[in-house]
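User: I am new to this structure and would like to learn how to read it. Can you take me through some features one by one?

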Amino acid sequence: MEVSEAALVRDVLYACQGIDGRYVRYDKAGDAYDLPDGVRVPRSTRTLVRKLCELGWLFRKVRGFISDNISRSPSDAATEVGTVAQAFCSALQEELSDYYKLLAVLESYSLNPIPTPGSDSGVSGNYLSLRRLAVWLAEPAVRMRLMAVLVDGCRGLRGGAMAGAIHGHAQHGDPMFQEFMGRLLRRVCSPLFEMVHSWVLEGELEDVFAEFFIVGQPVKAESLWREGYLIQSDMLPSFISPVLAQRILRTGKSINFLRVCCDDNGWADAAAEAAAYVGTTTSRGGLGYGETDALEALVVEAAKRIDRHLMDVIHKRYRFKDHCLAIKRYLLLGQGDFVQYLMDVVGPELSEPANRISSFQLAGLLETAIRASNAQYDDRDILDRIKVKMMDHGDGDRGWDVFSLEYDARVPLDTVFTASVMKIYLKVFNFLWKLKRVDHSLTGVWKTMKPNCIVSSPFYKEGISIRAQFVSVLRKCQVLFNEMNHFVTNFQYYIMFEVLEISWARFSDEMDAAKDLDDLLLAHDKYLNSILEKALLGERSHGLLRNLFELFDIILQFRSHADRWFERIYELQLRGKGKPKSKSKESGSWLDGGRKAMIQLAGELFRKMGEDLDSIAKDYTASLDAFITQLPMQQHVDLKFLLFRLDFTEYYSRVSSSK
């Protein structure tokens with residue numbers, strides 16, 4: 001069956017609209033428009049028809065995508081389509097409208113032959129031939145092919161991911177291609193830029209269809225900054241850099257932090273100033289695709305001004321630095337007179353079993369220590385935040401093992417002083433409290449064995465043997481005390497000054513230089529990590545810390561023994577100073593017998609005391625040697641300087657090398 005070219009032109013125009021013609025029809029098996037085998041046309045004509053009908057196949061693909069997205073039910077659209085996909089479909093529909101206009105013009109040409117100059121009848125047949133139709137449809141085919149490629153690339157995507165996928169096809173050198181993609185992307189990206197504008201200047205996350213690259217989740221106020229808002233990397237379009245995205249995230253977070261946690265509305269003025277500075281307004285619109293520089297300028301200015309306002313609120317209204325200093329003075333035991341008085345008043349209570357101690361009584365003793373020291377001159381708001389905390393305890397624990405202090409950091413300060421951060425402060429406090437307890441115990445030993453209490457001892461008036469024993473054990477006790485005191489004094493100096501004070505000085509400088517809350521959190525984390533690392537509380541110093549606690553236990557054991565020894569010595573001294581009530585023979589003989597018994601008991605006491613001292617000294621030397629041996633292997637340079645401070649005379653080095 002032969003077919004005229006005019007009929008083929010008409011069928012091709014139908015196929016370009018996705019409609020089957022009389023001869024050219026859609027073949028589902030071949031997924032293409034084609035002429036049946038029974039139609040007799042030249043091979044070149046058949047090939048040309050197939051080429052022209054490719055436009056119809058592309059049209060079906062684009063129209064099918066639009067129909068699938070627009071015809072969804074509202075519930076499906078909320079989860080699948082979104083505003084970006086709707087904008088994309090609208091832009092495609094607009095391009096198809098121009099395509100429909102062109103097809104209408106071509107169809108009119110196919111129905112109304114145009115006379116050719118020079119012909120006798122004035123009519124030479126149909127003006128619109130297949131070859132002329134190929135010329136007319138060449139440019140629309142390029143656009144339709146591009147739209148089909150975009151449709152295939154955007155299936156299953158939404159929001160920023162869809163905009164990024166479309167943007168990936170915009171990098172082309174053809175001016176016509178660039179103009180078409182720019183026009184399309186301005187429509188597609190308009191909802192995203194509206195979301196960015198609303199987030200940066202108002203802190204509002206208007207993302208009904210979950211297509212923005214920033215997502216919010218319900219959290220408590222103290223977790224709002226760290227966990228309330230996150231970046232969805234799969235929704236971040238490629239024309240927004242990760243650095244700019246982080247800045248956009250932080251700007252909106254700052255507004256919400258001020259509004260929710262700080263109950264402050266000053267951010268609105270800062271946002272208006274930023275918008276006016278870059279030449280835009282706080283109202284919607286004004287930004288679109290291709291204006292990344294304008295967007296970045298707006299975000300930079302808004303972030304700078306809002307973060308500056310946030311830092312002013314944190315430092316001036318909520319006195320962040322004062323609270324950090326209070327934690328350093330009370331939880332990190334920087335207020336020396338308060339710590340000393342506190343240990344004096346709570347010491348007797350903490351020596352009792354933990355299950356017998358009343359936290360209310362300890363709270364009263366804490367208040368007594370505050371009132372008796374320079375802490376009483378601190379702001380009452382700060383002092384009211386210091387509380388006694390009793391940790392979980394078992395059956396063998398004493399009060400010293402479970403006593404601690406805590407600081408009540410309220411909103412918005414609890415964004416920095418989170419529960420995990422306060423656990424770290426508690427860990428540092430327990431370490432410093434044990435160190436102070438050891439120092440306090442050595443001070444108690446010195447008070448017990450100070451020379452003016454010993455010189456008047458009646459043992460000096462007895463025989464050479466008992467006096468020599470007495471002097472020998474006193475010398476051993478004094479030597480061991482001096483060695484322990486040397487270690488504790490130097491180690492305490494290292495912790496309190498080279499660790500805490502230097503870390504605080506660096507933190508204070510970084511705190512003043514912080515431009516936003518992220519900088520402040522980073523500076524505080526560095527401050528805590530520095531303390532943990534240099535104070536042997538890091539993960540890499542577990543073995544060294546274990547040896548240190550062994551040294552502390554030996555020193556506390558020495559204090560316990562010393563209390564019992566000198567209590568016994570004082571009892572013997574009082575017995576030796578006893579006077580007879582009468583001068584009868586019986587009483588005199590009784591006194592003589594008592595003195596002999598006292599001297600015998602004293603000799604036994606001094607012998608046992610010497611053995612205990614030798615045992616304690618041996619354990620102490622072994623633990624100290626293990627501690628000092630591990631110091632050079634530590635990676636932190638300050639710990640190597642601790643070795644120099646402990647062994648500045650190289651005494652321990654010589655002893656170790658001689659073994």
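User: Where does P412 lie?

Analyst: Start with how elements are named. Helices (H or I, at least four residues) and strands (E, at least two) are DSSP runs, numbered from the N terminus. P412 lies in the loop between β6 (403-407) and α19 (419-449). The peptide bond from V411 to P412 is cis, with omega near 5°.

User: What kind of model is this, and how are residues numbered?

Analyst: This is a predicted model, in which local features need pLDDT of at least 70 and side-chain atom pairs count only at pLDDT 80 or more, while totals for chains, interfaces and linings use all residues. Residues are numbered from 1 along each chain as its sequence is written, and side-chain values use heavy atoms, with hydrogens and water left out.

User: How many helices and strands does the protein chain have?

Analyst: The protein chain has 26 helices and six strands.

User: How do I read burial, and what percentage of the residues count as buried?

Analyst: Buried means under 20% relative accessible area, exposed over 50%, and partly exposed in between (1.4 Å probe, protein chains only). Of the 659 residues in the protein chain, 46% count as buried.

User: Which residues have a positive phi although they are not glycine?

Analyst: Two cases can be set side by side. A210 has phi near 55°. A210 sits in the loop between α9 (190-202) and β3 (214-216). Its relative accessibility is 34%, so A210 counts as partly exposed. L536 has a positive phi of about 70°. L536 is in the loop between α22 (517-534) and α23 (542-576). L536 is buried, with a relative accessible area of 0%.

User: How do I read contacts, and which residues does G56 touch?

Analyst: Contact means heavy atoms within 4.5 Å. G56 is in helix α2. Leaving out residues up to four places away in sequence, G56 touches A15, C16 and Y33. G56 is buried, at 0% relative accessible area. Sequence distance and spatial distance are separate things to read. G56 and I19 are 37 residues apart in sequence, and their C-alpha atoms are 8.4 Å apart in space.

User: What does R46 touch?

Analyst: R46 is also placed in helix α2 (residues 43-70). R46 touches D34, L35, P36, D37, V39 and V41, not counting residues up to four places away in sequence. R46 is buried, with a relative accessible area of 15%.

User: What share of the contacts in the protein chain is between residues 24 or more positions apart?

Analyst: Among contacts with a separation of 6 or more, 74% come from residues 24 or more positions apart.

User: What is a salt bridge, and how many are counted here?

Analyst: A salt bridge is a side-chain nitrogen of Lys or Arg within 4 Å of a carboxyl oxygen of Asp or Glu. The count by this rule is 33 salt bridges.

User: Which parts of the chain does the salt bridge of K321 and D512 link?

Analyst: In the salt bridge of K321 with D512, the closest N and O atoms are 3.4 Å apart. The pair links distant parts of the chain: K321 is in helix α14 (residues 320-330), D512 in helix α21 (residues 464-513), 191 residues apart. K321 is partly exposed, at 29% relative accessibility. D512 is exposed, at 53%.

User: Where are E301 and K304?

Analyst: E301 and K304 are in helix α13 (residues 292-317), three residues apart, so about one helical turn separates them. Their side chains form a salt bridge (3.4 Å, N to O). E301 is buried, at 8% relative accessibility, whereas K304 is partly exposed, at 41%. A network of salt bridges links E273, E301, K304 and R305.
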